[in-house]
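Work through the exercises below with the sequence and the model open. Try each task before reading its solution.

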Number of protein chains: 2
Amino acid sequence: MRRPVTIKHVAAEAGVSLQTVSRVINNGPNVRPEVRERVNEAVAKLGYVPSIAAQRMGGSRSWLLLALNDRDRTIEGWRLGEGTDWVDKMLMGGMLECAEHGYRMIFELVDTHSNHVEREVRAAISALHPDGVILTPPHSDNPLIIDLLVQLGLPFARIGSVVDGPGFAITMDDRAAGKAATDHLLDLGHTRIGFITGSDEWAISGARLDGYKQAMTERGLAIDEALIGRGDFSFESGTAAMEAFCELAEPPTALVASNDQMGLAALRVINSRGLKSPENLAIVSFDDTPIVKFSHPPLTAIVQPIAAMTAEASRLLIRAKAGDADLPDAVVVPFGLAIRDSTRRA
Amino acid sequence: MRRPVTIKHVAAEAGVSLQTVSRVINNGPNVRPEVRERVNEAVAKLGYVPSIAAQRMGGSRSWLLLALNDRDRTIEGWRLGEGTDWVDKMLMGGMLECAEHGYRMIFELVDTHSNHVEREVRAAISALHPDGVILTPPHSDNPLIIDLLVQLGLPFARIGSVVDGPGFAITMDDRAAGKAATDHLLDLGHTRIGFITGSDEWAISGARLDGYKQAMTERGLAIDEALIGRGDFSFESGTAAMEAFCELAEPPTALVASNDQMGLAALRVINSRGLKSPENLAIVSFDDTPIVKFSHPPLTAIVQPIAAMTAEASRLLIRAKAGDADLPDAVVVPFGLAIRDSTRRA
DNA sequence: ATGAAAGCGCTAACAA
DNA sequence: TTGTTAGCGCTTTCAT
């Protein structure tokens with residue numbers, strides 16, 4: 001059980017003071033290249049890695065980023081085990097970006113709706129002293145959490161939040177995505193395109209619908225209100241909306257669903273009526289969770305860039321902590337469009 | 001930006017010394033109930049939460065558990081986005097268990113095959129000073145990592161490792177699972193049951209096969225070597241094995257596949273021959289990753305208890321750090337059997 | 001350009 | 001049963 005290597009050992013090995021080693025480690029100024037070299041050699045030779053606990057105690061960074069996710073939502077996703085991959089994607093984007101900069105990302109589950117959110121968050125921060133906090137929906141819009149963070153003077157990023165406010169706002173352009181989804185169908189020759197909205201409680205629902213409308217209008221097509229179904233992101237609401245479309249004298253030949261669940265619901269509805277996709281209905285959904293790859297046919301979907309958004313959040317927070325000024329207070333991350341069989345050969 | 005609350009503030013508030021507060025926080029002895037009460041009130045009033053960095057500096061626990069996953073495997077899983085949910089399940093089991101005890105779990109990706117594994121692991125440990133380390137396959141059997149941990153005197157758990165060695169070995173009973181899968185098919189009335197093995201490089205492959213053989217033998221059925229196909233966990237190997245079965249004069253009416261990929265491959269093979277499951281072939285696969293829920297039909301599968309194993313690992317490490325003696329050095333976690341349409345109505 | 005001193009928040013070991 | 005002392009490993013001052 002060897003004693004761990006500390007900064008002292010490095011200093012002794014290189015024949016300099018603690019302070020000089022510290023300067024080298026932190027890329028500080030005022031060190032002759034020659035000395036710097038010698039210290040680095042000692043570091044390498046001894047396999048020295050600074051203790052982040054000690055660094056933090058010394059008044060420097062903690063090299064920790066705290067990511068807050070909604071407890072119920074996350075656990076429910078895990079329990080179902082159906083591949084809701086928010087957490088996976090966050091890790092992919094956040095962890096890898098953090099690792100790039102010597103940072104670590106710590107996950108924490110918090111009840112948004114509980115009245116002691118503030119206490120939960122405060123406790124996590126007191127224990128960890130993170131250099132920054134990443135908020136995911138629905139925390140991204142929680143005023144209690146945001147106010148606390150502001151009060152604490154801790155840099156934070158709000159992922160997927162469209163409301164203005166302090167902290168870095170990391171989003172995708174939902175309006176543009178709604179337009180891209182619709183354009184894809186228009187390009188395939190469709191003109192009667194249905195749209196199923198998300199819940200009004202989410203600002204992104206309106207944005208996605210706006211994109212649809214813009215795409216239609218730009219091609220000189222009138223907006224037919226009968227082709228706009230009201231959903232709330234649930235499978236059931238998708239089913240209801242699609243069934244209404246089917247009752248129309250002239251049902252849509254293509255559909256944009258505001259999330260995967262509703263897209264799959266629509267597919268199920270037409271299947272139960274003996275219809276198929278893409279022959280009778282081309283479908284584009286939003287989010288691109290794993291499930292849409294396994295439906296028959298697999299669904300074309302707008303890819304929500306969760307990993308990229310989390311990576312961007314991490315990058316900004318790390319730069320903020322490093323003292324970097326003039327950082328954008330909002331970043332729009334490009335979305336993707338995964339084309340699959342539900343929109344092939346129109 | 002309020003100054004954070006430290007142990008000093010609590011001490012002042014309660015009118016006692018730092019040490020007494022420390023004792024209360026750590027449930028130490030030698031504190032009058034009355035004083036303890038007073039301190040707790042001060043803690044609650046001030047919303048005090050100890051800094052784990054400072055606790056660790058003071059020579060106590062770091063309240064951190066380090067979980068090591070294979071870099072390539074993990075990233076590949078994320079990249080594909082097909083819901084390989086090892087990480088998700090680990091978080092679910094590990095994080096929740098850790099939270100229960102005031103611990104945090106930090107994830108780290110490490111290249112098993114790299115020749116600087118040791119350096120990578122050592123660096124993570126030096127930086128974090130975790131109280132314990134959780135190893136997942138293939139790290140669980142990596143002698144470089146294991147030796148390092150032993151040398152460091154750090155408690156660690158090896159998940160899914162069947163080889164003997166130091167550290168806590170957390171496993172599921174793969175032999176029993178192989179038997180349970182086979183028994184399930186036997187109970188349905190099948191007698192010609194095929195088996196596709198995993199790669200010989202994994203000890204679990206042999207265990208699963210043994211379970212199959214035992215189940216067959218116990219029912220007085222002979223082991224037909226022609227019904228044992230050699231696979232290596234890949235989709236392709238599953239395809240090859242199933243195709244060989246189909247060429248038999250008397251093909252199997254049921255199948256146990258040593259993982260989901262090969263189970264899905266078998267399903268694909270029979271579908272391409274105009275056959276269906278479960279009518280022509282009842283299928284049970286191993287692992288129960290999300291994808292088997294979305295095949296047609298969904299596959300019955302042995303559920304690998306990843307969350308439970310990680311939770312158990314966390315529990316043991318935390319207890320070990322707490323000084324708990326007589327802990328088991330091996331724990332077998334019960335597996336599950338998720339029955340789905342691929343084995344209904346035989 | 002470098003080193004010495006003080007202190008971060010906490011816990012061990014010791015004394016009272 | 002309590003309080004006092006001395007660190008833990010590092011980074012800030014501030015000297016030199």
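**Exercise 1. Which residue is the bridge partner of I302(B) in β12(B)?**

Solution. Start with the terms. Helices (H or I, at least four residues) and strands (E, at least two) are DSSP runs, numbered from the N terminus. Two strands pair if DSSP finds at least two bridges between them.
- Step 1. In β12(B), I302(B) has L337(B) as its bridge partner.
- Step 2. Strand β12 of chain B covers residues 336–338 and pairs with β10(B) over three bridges, in the antiparallel sense.
- Step 3. Now take β9 (residues 282–287) and β10 (residues 300–303), both of chain B: four bridges join them in the parallel sense.
- Step 4. T300(B) in β10(B) stands opposite V284(B).

The model is predicted: local features need pLDDT of at least 70, side-chain atom pairs count only at pLDDT 80 or more, and totals for chains, interfaces and linings use all residues. Residues are numbered from 1 along each chain as its sequence is written, chains are lettered from A and ligands numbered from 1 in the order in which they are written, and side-chain values use heavy atoms, with hydrogens and water left out.

**Exercise 2. Inspect phi at N27(A) and at D287(A).**

Solution. 
- Step 1. N27(A) is not glycine, yet its phi is positive, near 55°.
- Step 2. N27(A) belongs to the loop between α2 (18–25) and α3 (33–46) of chain A.
- Step 3. Is N27(A) buried or exposed? Buried means under 20% relative accessible area, exposed over 50%, partly exposed in between (1.4 Å probe, protein chains only). N27(A) is exposed, because its relative accessible area is 66%.
- Step 4. D287(A), another residue other than glycine, has a positive phi near 110°. D287(A) is part of strand β9 of chain A.

**Exercise 3. How many disulfides are there over all chains?**

Solution. 
- Step 1. A disulfide is a covalent bond between the sulfur atoms of two cysteines.
- Step 2. Apply the cut-off: a pair of cysteine sulfur atoms within 2.5 Å.
- Step 3. The count over all chains is zero.
- Step 4. C246(A) counts as buried because its relative accessibility is 17%. C246(B) counts as buried because its value is 18%.

**Exercise 4. Describe the protein surface around DNA strand C.**

Solution. A residue is near a molecule or strand if one of its heavy atoms lies within 4 Å of it.
- Step 1. There are 25 residues around DNA strand C, and T20(A), N30(A), M57(A), I7(B) and Y48(B) come nearest.
- Step 2. Of the DNA strand C atoms within 4 Å of the protein, 61% belong to sugar and phosphate.
- Step 3. Now the polar contacts (a pair of N or O atoms within 3.5 Å). An N or O atom in the T20(A) side chain is 2.5 Å from a phosphate oxygen of DNA strand C. For the side chain of Y48(B), the distance to a phosphate oxygen is 2.4 Å. S51(B) uses a polar backbone atom, 3.4 Å from a phosphate oxygen.

Terms used. Polar contact = N/O pair within 3.5 Å; in protein donor to acceptor, adjacent residues only side chain to side chain.
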